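The following exercises are to be worked with the sequence and the model side by side. Each task is followed by a solution in steps.

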Amino acid sequence: MKRPLVILAVFYCLGIILGGWIRINFWVITAMAIAVFAGAALGRRKNGVFLILVLFLTLLIGYLSLRNSWVLSNCHIRKLAADQGNSLYRLDGFIVSQPEFKNNHFWFILRARQIQADKLRYKCRGEVLVKMDFEQELNYGDNLTLMGNLSRPPGFGPSRGYRDFLARQSIYLIMHIKSSLQVIPEDKVTVTKSVTVTFPGPEDKVTVTKSVTDKVTVTKRVTVTLSGQKSVQVIPEDKVTVTKSVTVTLFGQIIRECLGLRYYLEQVISRYLPALPASILSAMVLGQKRDIPWLVNNSMVKSGTVHILVVSGFNVGIVAFTINLLLKILRFRRKARIILIAICLLIYCAITGATNPVIRATVMGLVFLAAYLLKREPDIYNSLASAALFILVPNPRQLLDIGFQLSFISVLAIVYFYPKLKALARLEACRIRILKFILEGCLVSFSAWMGTLVIIALNFRIISLVTVLANILIVPLATLITLCGFTLVLSGLICPDLANLFSLPTAALITLLLNINAALIKLPLAYIYF
Amino acid sequence: MLNFTSEEKKVILFLLGLALCGLVLSNLVKVNCRMEGVVYPQIQLARLNLNQVSLAELIGTKCVPAKLAQRIIEYRNFRKAFGSLEELKEVKGVGDQRYEKLKELFFIE
């Protein structure tokens with residue numbers, strides 16, 4: 001079989017779709033899957049039978065994985081917390097997303113470890129979306145205790161869009177924090193020498209995790225009074241440091257560092273550009289869309305060019321290309337280059353928040369790199385299928401996510417339609433290079449438009465007729481802006497004076513892009529809402 | 001002499017080109033302040049002008065219900081124009097929370 005992963009991914013997706021439509025008892029399907037597995041094991045010498053049974057088994061596994069993702073464990077926070085009513089909960093856990101300020105609120109995801117209602121305390125698992133009315137210095141991995149009500153996400157009409165969107169990320173509850181008194185950071189107190197420590201303010205427990213003392217060794221959990229400002233009174237010459245307690249593994253630590261780097265890079269961009277261009281460049285280079293004005297986003301939806309505001313395969317390609325070039329200049333060997341590019345792609349994926357398009361592009365990139373490393377012929381369909389399986393196996397509900405669908409279908413459409421359209425238009429015969437380049441751009445845009453037309457029309461109720469023209473004009477500009485953006489960020493880190501120089505052309509290109517987009521959507525019949 | 005590969009040459013050209021563009025734009029902005037409008041995006045691209053926005057555009061933002069949009073337009077017609085964004089608070093139905101959202105959408109000219 002030429003493309004085994006493609007066939008497996010297709011059958012796995014079919015299984016997920018069937019799981020959404022047909023409700024059959026989980027154990028009946030499991031029994032069926034075991035029987036098919038046994039049949040495949042017994043009939044492995046007959047190729048045809050074996051193949052059919054394996055594909056059927058993949059379909060059943062897809063079905064089972066979706067049904068299994070709906071089942072919550074008994075200690076899941078969704079089961080322990082009553083979502084209606086006014087019960088006050090105390091939740092212990094740690095942050096698993098980079099906290100961000102959006103729509104006048106501070107948002108992050110807390111992975112719960114313990115929940116307390118009244119005097120009953122349970123160990124639990126699951127994630128809660130936390131919405132805070134105020135900003136507080138919090139980071140990925142910080143341990144926290146929150147007190148507040150838990151509620152289900154709002155449904156917004158019969159489609160329950162937002163609730164379903166969160167459910168696809170395994171988030172079923174929201175905790176709204178209105179006052180800083182509801183947040184208790186778990187602090188780590190490091191004591192050097194014997195000291196008398198008094199923390200003015202409301203009383204709370206602090207875990208002393210490490211102590212280096214001359215006279216007293218503090219090893220057990222102690223109760224001290226903790227101030228909101230973390231100011232401490234100490235006897236002179238003694239030293240007490242209060243730091244945040246963090247729960248992270250090595251992997252978590254890497255993510256934490258990557259998110260810290262992202263924050264720093266965002267600062268670099270906003271240092272050299274005014275607010276609007278900085279927000280657009282942050283979206284294009286770092287995948288941070290939160291500061292993009294509604295009007296800009298909406299006008300790009302209307303022109304069908306909103307995809308340029310998302311970090312995707314193109315950006316991953318630029319990162320790979322840049323690193324490869326840099327390593328080539330430094331005369332690194334081929335094998336070392338490939339390994340370092342792979343590491344950089346993973347870091348870039350973490351920096352941009354590992355959204356579906358970035359994961360797809362990163363996995364595809366890694367498959368290609370592995371093929372080059374093993375001196376095998378890379379196949380784009382197989383790499384696309386492996387990326388789909390990589391996302392869908394841990395979370396099959398992502399198949400219903402609009403971002404996942406658009407990301408994969410647009411790539412699939414380009415890969416499938418573009419060579420056919422190119423042959424049909426006989427582009428190879430064209431000898432004028434610029435004309436050929438423009439026509440190729442047209443065909444790529446047209447292929448992606450054909451592939452995504454139905455999904456966009458069904459989900460956003462808009463058909464953009466200006467898309468192909470807009471993409472021809474805007475995509476090359478966006479390419480240039482992304483390249484300038486990466487140059488600006490790198491020069492901002494290395495040589496700030498040079499970054500000042502690079503920032504002007506970048507801002508000018510962004511202004512040009514916005515003006516072209518604004519002009520295009522003013523054309524008659526540029527877009528149709530239905 | 002230095003021997004550059006084709007890729008290295010492209011990178012050098014790109015960086016030099018970008019620096020040259022930067023220098024030219026920097027000079028133009030210094031000499032002619034109107035050039036700032038060419039280099040940096042105008043606020044109209046990111047926000048709606050509250051004194052010119054139509055009822056349909058207001059409703060289209062999805063931040064304003066139809067009735068409130070109507071009241072905003074009526075208030076604007078009554079006062080001829082909004083003097084500042086803060087005046088939005090005087091429209092019935094615009095509280096602090098909604099004002100925080102609306103001020104990100106509009107500007108006054």
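Predicted model: local features only at pLDDT ≥ 70, side-chain atom pairs only at ≥ 80, totals over all residues.

**Exercise 1.** Determine which strands pair with E8(A), and in which sense.

*Solution.* Begin with strand E5 (residues 127-132) of chain A, which is joined to E8(A) by six bridges and runs parallel to it. Within E8(A), Ile177(A) is the residue opposite Met132(A). Turn next to strand E7 (residues 150-151) of chain A: two bridges link E7 to E8(A), and here the sense is antiparallel. Leu150(A) has Met175(A) of E8(A) as its bridge partner.

**Exercise 2.** Classify Gly492(A) as buried or exposed, and identify its contacts beyond four places in sequence.

*Solution.* First, locate the residue: Gly492(A) belongs to helix H15 (residues 467-494) of chain A. Second, apply the cut-off, under which 20 or more other C-beta atoms within 10 Å make a residue buried. Gly492(A) has 21 such atoms within 10 Å and is therefore buried. Third, list the contacts: with neighbours within four places set aside, Gly492(A) touches Val268(A), Arg271(A), Tyr272(A) and Ala499(A).

**Exercise 3.** State what percentage of the residues in chain A is buried.

*Solution.* Chain A has 530 residues, of which 34% are buried. Its secondary structure consists of 16 helices and 15 strands.

Terms used:
Residues numbered from 1 in each chain as written. Chains lettered and ligands numbered in written order. Helix = DSSP H or I, 4+ residues; strand = E, 2+ residues; numbered from the N terminus. Buried ≥ 20, exposed ≤ 12 C-beta atoms within 10 Å, placed from the backbone. Contact = placed C-beta atoms within 7 Å. Pairing = 2+ DSSP bridges.
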